[in-house]
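Dear colleague,

Please find below the structure I promised to hand over, followed by my notes on what was found in it.

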Amino acid sequence: KEIVFEIIENLNIANIKHLIKEENINNIEDINSYFGYNCNIKYLDLNQKGTYFIAKNENSICGIALIIKNPFVYLNESEKSVIDNLSKYKYLSYVNVNKEFLGLNLGVKLIEEIYKHCAENSYVYETSDYTNDGNKYLESKVSDLNEKYREKLNIIEQKDRKKKELLQKMNISSCWF
């Protein structure tokens with residue numbers, strides 16, 4: 001089946017009902033059960049506000065990724081206060097792929113959808129740390145994406161996220177941020 005991508009701000013129960021029409025979903029427990037049991041999607045948390053990237057076909061949710069408006073989670077408030085236009089920074093919270101769609105590079109495709117969205121909106125994109133599966137299946141492919149989008153999108157990679165180095169770069173080059 002053809003996979004299409006949908007972007008939803010702040011996913012909620014009504015959005016989920018729209019995405020999974022045949023399921024009887026009435027509350028968060030139903031959602032967690034459905035995604036956990038049927039899809040092996042572990043990180044979905046409707047309390048987390050942000051931009052959700054949904055990969056779906058006519059029968060299933062194939063994958064979900066989330067970017068949030070809380071970048072620089074490792075900086076304290078005084079360190080964040082020196083960053084101009086903080087709202088323009090987006091942080092990758094997670095990428096989850098339905099177990100039935102593993103091996104199709106869907107995680108990479110979701111990340112590329114995020115890159116396109118961030119580039120179109122002049123955001124600065126900050127990667128998150130890789131899980132064990134991410135190290136195994138995504139890291140080298142995401143490195144290739146980073147190179148592909150280097151001219152279109154400012155990307156803060158996981159390896160560059162050390163506080164001291166980041167703050168030094170901010171002080172040295174205003175165009176970096």
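How many salt bridges does the count come to, if a salt bridge is a side-chain nitrogen of Lys or Arg within 4 Å of a carboxyl oxygen of Asp or Glu? The count by this rule is 4. Before the details, please note that this is a predicted model, in which local features need pLDDT of at least 70 and side-chain atom pairs count only at pLDDT 80 or more, while totals for chains, interfaces and linings use all residues. Residues are numbered from 1 along each chain as its sequence is written, and side-chain values use heavy atoms, with hydrogens and water left out.

One of the salt bridges joins K148 to E112, with the closest N and O atoms 2.7 Å apart. K148 belongs to helix α6 and E112 to helix α4, so this pair ties together parts that are 36 residues apart in sequence; helices here are DSSP runs (H or I, at least four residues), as are strands (E, at least two), numbered from the N terminus. E112 is buried at 16% relative accessible area, whereas K148 is partly exposed at 48% (buried means under 20%, exposed over 50%, partly exposed in between, with a 1.4 Å probe and protein chains only). Another salt bridge, between K116 and E113, has an N to O distance of 3.4 Å, and these two residues of helix α4 are 3 residues apart, which means a separation of about one helical turn.

Elsewhere, S60 is found in the loop between β2 and β3 and counts as buried, at 16% relative accessibility. Leaving aside neighbours within four places in sequence, S60 is in contact with A55, N98, E100 and F101.

How values were computed
Contact means heavy atoms within 4.5 Å.
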